[in-house]
Structure formats: structure tokens, C-alpha cells
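This report describes the fold, the surface and selected side-chain pairs of the protein shown below.

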Amino acid sequence: MDDMQAGGGTGGAAAGPEGNLAGSLWMIAAMAAFALEDALIKGAAAALPPWQVLMLFGLGGAAVFAMAARLRGEALLSAAAGSRAMRLRAVFEVTGRLFYMLALALTPLSSATVILQATPLLVVGAAALVLGERVGWRRWSAILIGLAGVLLILRPGTEGFSALSLLAVIGTLGFAGRDLASRVAPPSLGPAVLGFYGFLAVIVAGAALAVIDGTAPVRPGSGAALSLAGAVAAGTLAYGCLMVAMRTGDVSAVTPFRYTRLIFGIALGIVIFGERPDAAMIAGAGLIVLSGLFILWRGRRA
């Protein structure tokens with residue numbers, strides 16, 4: 001499960017150096033676990049149809065968060081869960097999950113991970129256009145520079161362009177819409193409930209892909225089963241670490257460490273799948289990260 005927006009922080013009070021250091025370490029751990037989750041899902045997709053990977057992964061994650069919600073005394077079924085914001089969130093979640101899963105299965109892990117880092121840029125731009133949040137010309141410029149980094153990775157119009165790379169772009173657009181809808185979701189819904197519905201959307205995405213794909217299910221071998229179990233464990237662990245990070249340190253201090261996911265994703269792509277990122281990808285990744293960090297800095301000043 002990708003790193004969904006997590007609210008919280010320290011309730012408005014400064015966390016202090018020790019709290020920010022601990023929060024940063026929790027954030028790094030979360031990003032490492034999210035990158036591992038992606039690698040395990042990609043590995044499982046080599047042996048199973050992508051739709052089956054999505055459905056099994058969604059079932060495992062939904063079960064984990066349902067138990068978490070029960071332990072926390074959070075109701076899974078409520079009027080808030082059926083609100084318009086949650087319905088929109090589900091649509092975007094399905095879109096993001098469906099296309100990002102295809103990107104993991106059909107394109108290099110490193111490129112899919114790098115493109116995904118553009119999600120915060122899209123969220124800031126969409127928040128200005130849809131929610132009326134104030135975004136000055138400096139942050140708009142940073143958004144455009146970050147998107148230029150995405151184009152540098154995609155290389156449209158050149159021999160290096162692959163239409164399959166657009167799968168990660170569409171997935172990123174879906175996740176950006178999901179995060180934007182999360183901003184207006186009812187605050188009464190706790191993290192475990194949001195996680196549960198997020199994984200339900202993964203199951204729906206898998207079912208939709210099954211109809212489109214039309215391939216028969218495959219009995220998972222021991223390797224694929226272990227990969228899926230590991231992906232569920234890594235995803236839920238990552239989400240837990242993310243929540244701790246956002247509640248331990250100041251949001252402005254720990255959020256920049258989200259970009260360490262890029263480092264872990266590229267490293268896993270090189271070590272496990274033998275990928276070799278080229279200069280264009282590295283340059284594009286640099287533009288995306290620098291733009292995101294600048295937007296965070298400007299947002300803190302504002």
C-alpha cells in the first residue's frame with residue numbers, strides 16, 4: 001500500500017529535536033517498507049496474473065485493518081464511510097491501484113517509483129484548483145519543474161519512450177485524487193478504517209482488471225505466496241510506521257523524508273531486478289525531489 005496521507009503531527013506543539021529525529025527515522029522505515037512492498041508485489045506478478053495479485057493483496061490488507069479497527073473500537077460501517085468524499089476517494093484509489101499495479105508488473109520498479117514521487121506536486125496543484133487553497137507563483141513554478149522531471153523520465157517523442165510508462169502516470173494521478181479526497185473525508189474516520197477501505201478498493205481494482213484481462217487464476221506457488229504475504233506484512237508495517245512518524249515529529253520536519261522511498265525503490269530495482277537507471281531518469285528524479293522539497297519549504301513559510 002502506498003504512503004497515504006496521514007494527518008496528525010504533534011497536535012500543533014513543536015516536537016523538539018529528539019521528537020523530530022525519532023519521527024524522521026520512523027518515516028525512513030515506512031518508506032523502506034513501502035518500497036519493499038512494491039518489490040514483493042512485482043515479484044508475485046511474475047508468477048500470477050496482476051488481477052489475482054491485487055485481489056489477494058487486498059484481501060490480506062483488508063483483514064489486517066479490519067482487526068486493527070476492531071481492536072481500536074472503530075466502526076467499519078457508518079454514515080461517514082458512505083459520504084461523497086469517501087466515494088470519490090474509492091474511485092481514485094481503484095484507479096491508482098489498478099494502473100500502478102500494471103506499472104509494477106510491466107515496467108521497471110525504479111521508474112514506477114520515481115514517477116510516483118510526483119504525487120505531492122499534483123496534490124498541491126489540485127488543491128489550489130479544486131479546493132481553492134492559496135498557491136503562489138513560486139510553488140506553481142516548482143510544480144511545473146517537477147512535472148518537467150516526469151517528462152524527462154518518460155521522454156515522449158524519442159526512441160526511449162514507452163507507452164507502458166504512462167501506466168505509472170495514470171496511477172499517480174489516481175493516488176493524487178485519492179489524497180485530495182482524503183483531505184475532505186470525515187474526520188471521524190480513523191486510520192484503521194481508512195486503511196480498511198483503501199484495501200477494499202484494491203480488491204475492486206483487482207476484480208475490474210480480472211474482467212478486462214480474462215485470464216484464469218493460477219494456484220500460487222510457495223514463492224508467490226510468500227511474496228504476497230510479505231507484501232501485506234510490509235504494507236501494513238509501513239502504514240503503521242508512517243502514522244507513528246506523523247505523530248512523533250513535526251509534519252514539516254518528517255515529511256521530506258518521504259522521498260527516501262525513491263532511494264529504496266531504485267536500490268531494490270537494481271539489486272533484485274537488475275535494473276540500470278539512466279542519466280535521464282536520475283535527472284528527472286532530481287527535479288521531482290527538489291520541486292517537492294521546495295513546495296514543502298514554501299508551504300511551511302506560508
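V124 counts as buried because its relative accessibility is 15%; buried denotes a relative accessible area under 20%, exposed one over 50%, and partly exposed the range in between (1.4 Å probe, protein chains only). V124 is located in helix α5. Leaving aside residues up to four places away in sequence, V124 touches V135, I143 and I295, where contact requires heavy atoms within 4.5 Å. The C-alpha atoms of V124 and G269 are separated by 29 Å, and these two residues lie 145 residues apart along the chain.

L129 also belongs to helix α5, which covers residues 119-130. With a relative accessibility of 68%, L129 counts as exposed. From L129 to L194 the C-alpha distance is 25 Å, at a sequence separation of 65 residues.

## Basis of the description

The model is predicted: local features need pLDDT of at least 70 and side-chain atom pairs count only at pLDDT 80 or more, whereas totals for chains, interfaces and linings use all residues. Residues are numbered from 1 along each chain as its sequence is written, and side-chain values use heavy atoms, with hydrogens and water left out.

## Overall fold

The protein chain contains 12 helices and zero strands, in the order α-α-α-α-α-α-α-α-α-α-α-α from the N terminus. The radius of gyration is 18 Å, close to the 19 Å that the globule rule gives for 302 residues, so the chain is as compact as a globular protein of that length. This radius is taken over C-alpha atoms, and the rule is 2.2 Å times the number of residues to the power 0.38. Helices (H or I, at least four residues) and strands (E, at least two) are DSSP runs, numbered from the N terminus.

Along the principal axes, the C-alpha trace spans about 55 × 55 × 35 Å. Of the contacts with a separation of 6 or more, 91% involve residues 24 or more positions apart.

## Burial, surface and charge

Of the 302 residues in the protein chain, 50% are buried. The accessible surface amounts to about 13500 Å², and carbon and sulfur atoms contribute 69% of it. These areas come from the Shrake-Rupley method with a 1.4 Å probe; for residues, only the protein chains shown count as cover.

The chain carries 21 positive and 14 negative charges, whose mean positions are 7 Å apart. Lys and Arg count as positive and Asp and Glu as negative, while His and the chain ends are not counted. Each charge is placed at NZ of Lys, CZ of Arg, CG of Asp or CD of Glu.

## Salt bridges

The model has seven salt bridges, each defined as a side-chain nitrogen of Lys or Arg within 4 Å of a carboxyl oxygen of Asp or Glu. One of them joins E37 and R97 at 3.9 Å, N to O. This pair links distant parts of the chain, with E37 in helix α1 (residues 16-45) and R97 in helix α3 (residues 84-106), 60 residues apart. Both E37 and R97 are buried.

R178 pairs with E93, with 3.2 Å between the closest N and O atoms. Here R178 lies in helix α7 (residues 166-183) and E93 in helix α3, 85 residues apart; R178 and E93 are both buried. A network of salt bridges links E37, E93, R97, R178 and D179.

A further salt bridge is formed by R155 and D278, whose closest N and O atoms are 2.7 Å apart. R155 is in the loop between α6 (137-154) and α7, and D278 is in the loop between α11 (260-273) and α12 (279-301), 123 residues apart. R155 is partly exposed at 27% relative accessibility, as is D278, with a relative accessible area of 29%.
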